[in-house]
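I opened a new model today and kept notes as I went. Here is what I looked up, entry by entry.

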Amino acid sequence: MENQSQNGAEAPVKVSTLNCIDLSNPDIHQSVSLLKQACLDCGFFYLVNHGISQEFMDEVFAQSKNFFHLPLNEKMKVLRNEKHRGYTPVLDELLDPDNQVQVGDYKEGYYIGVEVPEDDPEAEKPFYGPNVWPADGVLPGWRQTMEKFHHEALEVAKAVARVIALALDLEVDFFDKPEMLGKPIATLRLLHYEGQISDPSKGIYGAGAHSDYGLITLLATDDVMGLQICKDRDAKPQIWEYVSPIKGAFIVNLGDMLERWSNCTFKSTLHRVLGNGQERYSIAYFVEPSHDCLVECLPTCYSENNPPKFLPIRCSTYLSQRYKDTHAELSIYNKHQT
Ligand code: OGA
Ligand code: NI
């Protein structure tokens, strides 16, 4: 049982207060200090003045809606492939098998990664390759909008990573190195929650409880409440808090690779989405380092009394396993293919 008071009544879910980092703030020490506090406390913060215009964000959301409004047979033509590009239908993903009964998440999605042409040797890497796009004429301007957002969001992520580097007492450009964000795995994911009402007691969620896999995630949402975080995954009962949307802000959260890098000083926090019956759209941008990057305890995060808690692991090995653990086998969709 969760969020329950001693007499057994459901305690109201509180709204979390998160620090807000202003990327245009010239006082970098203030930004570093706010970010550090957020990373130590809950691994979630708001990001404002990030440089992506509201007008353009509105366009990305409008184009996302255009896609999800297509008939299912049209969406199935761009079903995700083994490189994790394309459409993921409702129930494709099961993030929290212990608490979600049989079925999966009540959300549909669309993955767009770094565009690498088929004939480029880099396309052999598990998370590199060509993207899957709706056919020309189906959604005019769609690909251009998504590619532009992918590009701009990566710049935002790199700017955040510089503040994170300073907060970890590293050189400001630590994450800019070629093996880090110089050749990143960066995935844009459009998400649509169809308006199902979640019921934790029945194991029904918009998105089951999970932590993200990589360095950081930038999340843009519409104004429908739904995202919840649990600051202490081991607490019994678990306490969940809402994160309210702020117009124009990204909600940024740290992923598991950063938790490993920082030897658990920076938190990758459990989160989930509860549907309240309203349709909801969100856009996640997952940022990971290069395929070959070795994620190992940072020099500033261990000491004799605090040895590394994890063995070093290659980014793509780790990521492949996490995707495999949470997504349906592609073969189940064979019957749909044309
Ligand atoms: C995710 C996620 C939250 C949301 O896709 O990893 O946590 O609000 N999404 O859609
Ligand atoms: Ni997430």
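**Entry 1: a strand pair.** I began with one bridge: Cys230 has Leu270 of β12 as its bridge partner. Strands β9 (residues 227-230) and β12 (residues 270-273) pair in the antiparallel sense over four bridges. Two strands pair if DSSP finds at least two bridges between them. Strands (E, at least two residues) and helices (H or I, at least four) are DSSP runs, numbered from the N terminus.

**Ground rules.** I noted that this is a predicted model, where local features need pLDDT of at least 70 and side-chain atom pairs count only at pLDDT 80 or more, while totals for chains, interfaces and linings use all residues. Residues are numbered from 1 along each chain as its sequence is written, chains are lettered from A and ligands numbered from 1 in the order in which they are written, and side-chain values use heavy atoms, with hydrogens and water left out.

**Entry 2: the sheet.** I traced an open sheet of five strands, in the order β1-β10-β9-β12-β7, with mixed pairing. Its edge strands are β1 (14-15) and β7 (207-210), each pairing on one side only.

**Entry 3: the metal.** Which residues coordinate the nickel ion (ligand 2)? I found His210 (NE2), Asp212 (OD) and His271 (NE2), at 2.1 to 2.2 Å. Donors are N, O and S atoms within 2.8 Å of the metal (3.2 Å for Na, K and Ca); water is not among the atoms, so sites may look incomplete. The spacing of the donor residues in sequence is H-x1-D-x58-H. His210 is buried, at 15% relative accessible area. Asp212 is buried too, at 5%. Buried means under 20% relative accessible area, exposed over 50%, partly exposed in between (1.4 Å probe, protein chains only).

**Entry 4: helix α7.** I listed the buried residues of α7: Cys315, Ser316, Tyr318, Leu319, Arg322, Tyr323 and Thr326. Seen down the helix axis, they fall within an arc of 160°, so they line one face of α7. The arc is that of the directions from the helix axis to the C-beta atoms. These buried residues pack against β5 (107-112), β6 (185-193), α6 (256-261), β13 (280-288) and β15 (313-314).

**Entry 5: Tyr46.** I placed Tyr46 in strand β3 (residues 44-48). Is Tyr46 buried or exposed? Tyr46 counts as buried, at 5% relative accessibility. Tyr46 and Ile21 lie 25 residues apart in sequence, yet 6.1 Å apart in space, C-alpha to C-alpha. The side chain of Tyr46 reaches the backbone oxygen of Ser244 at 2.7 Å.

Definitions and conventions
Contact = heavy atoms within 4.5 Å. Polar contact = N/O pair within 3.5 Å; in protein donor to acceptor, adjacent residues only side chain to side chain.
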